[in-house]
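Please examine the sequence and the model shown below. The paragraphs that follow lead from helix packing to sheets, and then to individual contacts and backbone features.

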Amino acid sequence: MNCQPNIDPGNCPSVGIATSKQRPFVTLRRHRFDPIRHRRIRNCIETNCNMSETEIIAELNEQFGSGNKKLEPDVVAELRSIMRLHELSVEDLFFKWESYCIKMDIDAAQTPIETLRHFKQDLHDTLERTSRSHVKIKTEKGVSATPRAPRVSGGDVFGMLDSLTTPGAGRASKVGAKRTPAVNRVKAEPVSSPVRLADQLDSMGAIPPSSFNDRPNAGDTVEILNDQLPSAEPPIGPFSESRIKLTAASDQKKLGYKPLAMKVSESSEILDDRIDDFVTLVMQHHKLEESAFGSAASQSTSEIVAVGRIASDSSEGKLNAASLVLETSRRMGGGLRVPLNVSKLKGYQFFPGQIVALKGVNSNGHEFTIHQILDLPILPNAASTPDSLSAHLQRLRGGPDAMDSDSDPAPLNVMFASGPYTADDNLDFEPLKTLCNEAADIYVDALVLTGPFIDMEHPMIASGDFDLPEEFLSSIDLDTATMSTVFKYLVAPSLNHLASANPSITILLIPSVRDVLDKHVSWPQDAFPRKELGLPKAAKIIGNPMTLSMNEIVLGISSQDVLFELRHEELVGGRPQEPRLLERACRYLVEQRHYFPLFPPTDRRKLPKTGRGDGVGPG
């Protein structure tokens, strides 16, 4: 392969690599020279040049092969074609293939040539959509004068210096926030009032930290659901292949939105559409005529059914019976808010943002008197076809090569855990190590971990005053180390050890708004990139929240603690239908068909205090 084309990229419009059956060639496009794209192409070319064709094929077989079976020559040729067209390394290509398989409900271990061609076309379509959106943005901006450099030493006008390893003097504070500071550099920085961790926890009234190994009742079972069923014995060894087939039921691409780019008009339309959708659901569930519905804000002596959103007439304070209002949609009630009179109800339970169907009357034009709260339809149970169930049962037995048996196969063993995974006074990640050791001992089929993994509210992470283990310092350049480096050497080893002990395991990682790795810090969140994290092949990073299927089981996963906020903002009067608080909160999620039905969310100052000095929780 000719890796040094005889063309000066500084004097040509653009450089691109294309494929040919004989040899690669260089194509020129009449576009403005893009130094960032050129650097990315050059890095990809240099990476592939450092590897021989035999090494690339060996890595392709390792990532895409199934067991000891090597890839077919036409499959290898198609993969190499995709790598050259899109300037991808083998690792990046596998990441994209894995995401495509989850989206299309395809087994990632199987790589037929037709599926690879569809995958190649999907990459091409995605690239075209991205290019069109960039062209549209540039067209809207129009032609402007050359931007002047800011009057700051070391300023970077175009953001082209972000990837350089040596930060300038003017960028020290910006880069330092994203990188792991060296000990001497941290100590050299002026600190106005150094505060010890013990003093911070003491000022917040927190319980003094104790060693994780000295915790009482370690390993005890707190509660067992359905204890009348016999517990399954763990297998004597790991299974030969994964017994879980993952299928995404959510469009993960929608989570890649820009948090501050949404217009107020778009938000109001989405809120309106939810009310209108529930009008249809209530009409079908209770078999009502369309004439039975009306606007709660309109004065009338006739009883009607009003569907709207619960809100408060005050922007401050907790919801109460005096501040209770119903917000209507623009189609049903002109978007007006009307006070609610709950004096005739024996019991009620409301929270801000809840969609409700109320039967009552507005006789005076000032308030809507509620006579009855109509039940909302619950989401139906998940269902599978007989053919799908047979395929799942065969997978549980060990695949098509397994011998048929009259006995039932071992049930799936799935373990769930939520972060943070280390104590407030250290970064040893002892809870994570213990969890992974337990999962390896009982050979679980899946381990689902919700963040935060590296908590930005952790006192040592927030201050930047911590050291990496000495055994890793020889292989780390502290001046260029980032939080990805911290994850690679502190978190990833436990997951790699688990994947080595149980090769058939499936590991799911779900980010949190407190994860320092994720640039998308608002909820909902896109998955953080796995490159440079050192994760095993069995680990998959998904969005927050995410709906997916494990065989015939449908899972809804979110790392946001909505139950705490619902419990804090709920208004209960009289005798509610469900007296138990947590059962009411869980029912709200299924009834409202939303992972976070609370609107607006709880004030950050009222969230549980964290290990940070100010004790303000993330919003």
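Helix H2 (residues 53-64) and helix H3 (residues 73-86) have axes that come within 11 Å and cross at roughly 105°. That angle makes H2 roughly perpendicular to H3, a class that covers 65 to 115 degrees, where angles under 35 degrees count as roughly parallel, those over 145 as roughly antiparallel and the rest as oblique. Helices (H or I, at least four residues) and strands (E, at least two) are DSSP runs, numbered from the N terminus. Axes are lines fitted to C-alpha atoms, for helices over the stretch in contact, and angles run from 0 to 180 degrees between N-to-C directions. The model is a predicted one, in which local features need pLDDT of at least 70 and side-chain atom pairs count only at pLDDT 80 or more, while totals for chains, interfaces and linings use all residues. Residues are numbered from 1 along each chain as its sequence is written, and side-chain values use heavy atoms, with hydrogens and water left out.

On the H2 side of this packing stand Glu 53, Ile 56, Ile 57, Leu 60 and Phe 64, which meet Val 76, Leu 79, Arg 80 and Met 83 in H3; contact means heavy atoms within 4.5 Å. The residues of this contact divide into seven nonpolar, no polar and two charged. In this division Ala, Val, Leu, Ile, Met, Phe, Trp, Tyr, Cys and Pro count as nonpolar, Asp, Glu, Lys and Arg as charged, and the others, Gly among them, as polar. In the loop between H3 and H4 lies Glu 87, whose phi is near 55°, a positive value in a residue other than glycine.

From H17, Val 562, Leu 563, Leu 566 and Arg 567 meet Leu 581, Ala 585, Cys 586, Tyr 588 and Leu 589 of H18. This contact of H17 with H18 comprises eight nonpolar residues, no polar ones and one charged. In the segment after H18 is Pro 600, and the peptide bond from Phe 599 to Pro 600 is cis, with omega near 0°.

The sheets come next. Strands of a sheet pair through backbone hydrogen bonds, either parallel or antiparallel. Here two strands are taken to pair if DSSP finds at least two bridges between them. Four strands form an open sheet with parallel pairing, in the order E10-E11-E12-E13. Its edge strands are E10 (414-418) and E13 (539-541), each of which pairs on one side only. The twist in this sheet averages 15° from one strand to the next. Strand E11 (residues 446-450) is joined to strand E12 (residues 506-510) by five bridges, and Val 448 stands opposite Leu 508 in E12. Helix H12 (residues 430-441) packs on this sheet, touching E10 and E11, and its direction makes about 175° with that of E10.

An open sheet of three strands has the order E3-E14-E15 and antiparallel pairing. E3 (246-248) and E15 (553-557) stand at the edges, each with a single partner strand, so one side of each is left without a neighbour in the sheet. The twist averages 30° from one strand to the next. Three bridges join E3 to strand E14 (residues 546-550), with Leu 246 opposite Met 550.

Further pairings involve strand E6 (residues 337-341). It pairs with strand E5 (residues 324-327) in the antiparallel sense over three bridges, where Leu 326 has Val 338 as its bridge partner. With strand E9 (residues 368-374), E6 pairs in the parallel sense over two bridges, and Asn 341 stands opposite Thr 369.

Salt bridges number 16, each defined as a side-chain nitrogen of Lys or Arg within 4 Å of a carboxyl oxygen of Asp or Glu. One of them joins the side chains of Lys 531 and Asp 92 (3.5 Å, N to O). Lys 531 lies in the loop between E12 and E13 and Asp 92 in helix H4 (residues 90-104), so the pair ties together parts that are 439 residues apart in sequence. The loop between E12 and E13 also holds Pro 524, and the peptide bond from Trp 523 to Pro 524 is cis, with omega near 0°.
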